[in-house]
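Work through the exercises below with the sequence and the model side by side, and try each task before reading its solution.

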Amino acid sequence: MNPELPNAQLDWDDQGRPYSRVFDDVYFSDLSGLDETRYVFIEQNRLKERFAALPADGRLVIGETGFGTGLNFLCAWQLFEEQAVAGARLHFVSVEKYPLTAPDLKRALALWPELKPFADQLLAQYVAIHQGFQRLVMDNGRVTLTLLIGDALEQLPQLDAQIDAWFLDGFAPAKNPDMWTAELFAELARLAAPDSTISTFTSTGWVRRLLNAAGFKMKRTPGIGHKWEILRGAFVGWPAETPAPMPAKPWFARPAPNNGERHALVIGAGLAGCASAASLAARGWQVSLMERHADIAQEASGNPQGVLYLKLSAHGTALSQLIVSGFGHTRRVLEQLHRGVDWDGCGVLQLAFNAKEAERQAQLAAAFPADLLHILDQAQAETRAGIALAHGGLFYPEGGWVHPPALCQWQASRPNVQLLTHRDVLELRKVDDQWQAWDGDTLLASAPVVVLAGAAEIKRFAQSADLPLKRIRGQITRLAQTNESQSLATVVCAEGYVAPARLGEHTLGASFDFTSDDLTPTTAEHLGNLQLLEEISSDLVTRLHADQLDADQLQGRAAFRCTSSDYLPIVGPLADGQAFNQAYAALSKDARQVPDVQCPWLDGLYVNSGHGSRGLITAPLSGELLAAWLENEPLPLPRSVAEACHPNRFALRRLIRGV
Ligand SMILES: Cc1cc2nc3c(=O)[nH]c(=O)nc-3n(C[C@H](O)[C@H](O)[C@H](O)COP(=O)(O)OP(=O)(O)OC[C@H]3O[C@@H](n4cnc5c(N)ncnc54)[C@H](O)[C@@H]3O)c2cc1C
Ligand SMILES: C[S@@+](CC[C@H](N)C(=O)[O-])C[C@H]1O[C@@H](n2cnc3c(N)ncnc32)[C@H](O)[C@@H]1O
């Protein structure tokens, strides 16, 4: 686990420019930051011509060391907007060890009025920026920013991307020698696309030599302002004398990109399907979103309120990394919805209801920064929550509740998404390069790409029948708001959860039933939920008059969660199970083998499922992950996390461990 990462510590000069206390250096040139950025990074990478040359479905990927104030990003975006045709996309990946706080970013960007239209969009999305990979989607998906929050030397090795142009920024080599190393340059080379270019504001001799040694052919070129010379270059290939980086294992390698028609069937219109549809549509795909019910979000994603609750680990597990990245992404998507009705960022309080939980919380508080989570004692917790509590706990100030159907609706109503209701897909057949969705004898639709997003129902398809998915029934109880319950100001959780009212009703959840197949709400489970409420706060029980309610009259709904055997979602391309076992049979004898056999992909078939009890946090980012696999784009998560979510992990484990 990374230690707590502080934000940038800044001083501001008399002209309002930021200066780093840690590095004792300026963020941009004294003369004109804009001119310098445009000359050093934009011109030297020939971005004007390259943006103008992009086809309508083309994209350019820029990588940067040191996001800082985002000035370089905004300048690149402004030029992209001027030069690139509609439909082309800009991907900007930037690593930043000390992100500016939102108020500091706002203050710094106010220096450039001409960038205001772009800066405003960045600022609107600059929320919940925590450690690891943080994806920001702007301008309806035309521009994607992936921030890697952490040290460049820790973050870049986890990146899976092909960078077309590198902006080698970061403070002056003399002020920041830890970053400007051969190790960093090897990473830039590993990530460089075949015709990648690079530029930097420094002309320091050892930087030039190390970049040359890493495979970039660097040239000195006249500088700007008080910089005599700067460096620009191009990637000419991995140096023969250095061992080449290991390629991805074939079962986790990227399938060949789809070069045909950009039309996808997404089967299932819950959080996973709607997110997949929105991410593909943002990339110019035509999406047919197929749902068996009369409307979207009728099953697990249909609860009136779900909680944005982060069940983290202090040990930096793949799941915990996914949760921090997914939470940030969902929070940023929600910024575009209607606060108070569609969602609310009222914070989530997780009570330390026993000694074990208190110990777990103390470990989390030591591992994560206070703006993500911090401990409140009992009195502070009561003040926050607005009700009497028996315990303090861990407070997530950016958490809150969401009306999941509103999120689904927002995603399903993106341009290019066509919702097809009353379509119950029973079978998938591949004919030539088209996947066909059949309901008995009726052909419902066909397309070269299909995304299976029907939660545990995806097991009905022969192609995905072996995925280890389980249904777990859950029931929530709806409680009418009272005068006294209006004081509840945050979501409060113990074993269950209760949220501040939405449209006059609180949601209280949720039961877990591993055996029942019946979705009729039961009184027994309502009573169980009331017991969960009692454990949260007896004061709230009184305020809600919950002890006087007639249990038989309680309202609620039940649905199935869908959980994978390792509790991570299943997101990515599907392979043919039998052919997979044959191709990699050698692994059952020796797990270290890497047979040089291409993975037998079911071309065009993808999965987004297994979101368990936390779909609000994992499903939207999984839509981005899925689109990145499909489009051969930078992955929005560390490679290791994407592999931990990969559908092939189970077949691989079965071969190696026999389970
Ligand atoms: C009681 C309860 C409480 C929860 N609380 C929270 C919470 O507080 N926070 C949180 O983050 N998560 C919570 N969850 C989990 C969250 O709701 C799920 O993770 C999420 O909704 C899963 O979304 P999904 O799209 O994968 O599945 P679903 O919402 O189940 O969507 C699947 C859709 O696919 C359709 N479908 C399936 N097969 C086919 C087919 N063959 N053809 C056509 N359509 C098909 C279904 O009709 C359905 O609409 C809760 C879940 C439950 C049950
Ligand atoms: C000169 S500023 C970058 C300016 C920025 N590109 C802009 O457009 O505003 C350098 C940035 O690099 C970051 N940085 C320095 N060392 C780093 C490292 N090892 N890993 C990641 N970021 C680093 C600093 O925190 C700082 O924000």
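**Exercise 1.** Which residues in α7 meet which residues in α8?

Solution. This is a predicted model, in which local features need pLDDT of at least 70, side-chain atom pairs count only at pLDDT 80 or more, and totals for chains, interfaces and linings use all residues. Residues are numbered from 1 along each chain as its sequence is written, while chains are lettered from A and ligands numbered from 1 in the order in which they are written.

Begin by finding helix α7 at residues 182-191 and helix α8 at residues 205-214, where helices are DSSP runs of H or I with at least four residues and strands are runs of E with at least two, numbered from the N terminus. Counting a contact when C-beta atoms, placed from the backbone, lie within 7 Å, Ala-182, Phe-185, Ala-186, Leu-188 and Ala-189 in α7 meet Leu-210, Leu-211, Ala-213 and Ala-214 in α8.

**Exercise 2.** Describe how α7 and α8 pack.

Solution. The two helices pack at an angle of about 45°, with their axes 9 Å apart, the axes being lines fitted to C-alpha atoms over the stretch in contact, and angles running from 0 to 180 degrees between N-to-C directions.

**Exercise 3.** Locate the edge strands of the open sheet of eight strands.

Solution. Follow the order β17-β18-β16-β26-β27-β28-β25-β29, in which the pairing is mixed, and take strands as paired if DSSP finds at least two bridges between them. The edge strands are β17 (374-376) and β29 (555-564), each pairing on one side only. β17 pairs with β18 (residues 393-396) in the antiparallel sense over three bridges, and Leu-376 stands opposite Gly-393 in β18.

Key
Contact = placed C-beta atoms within 7 Å.
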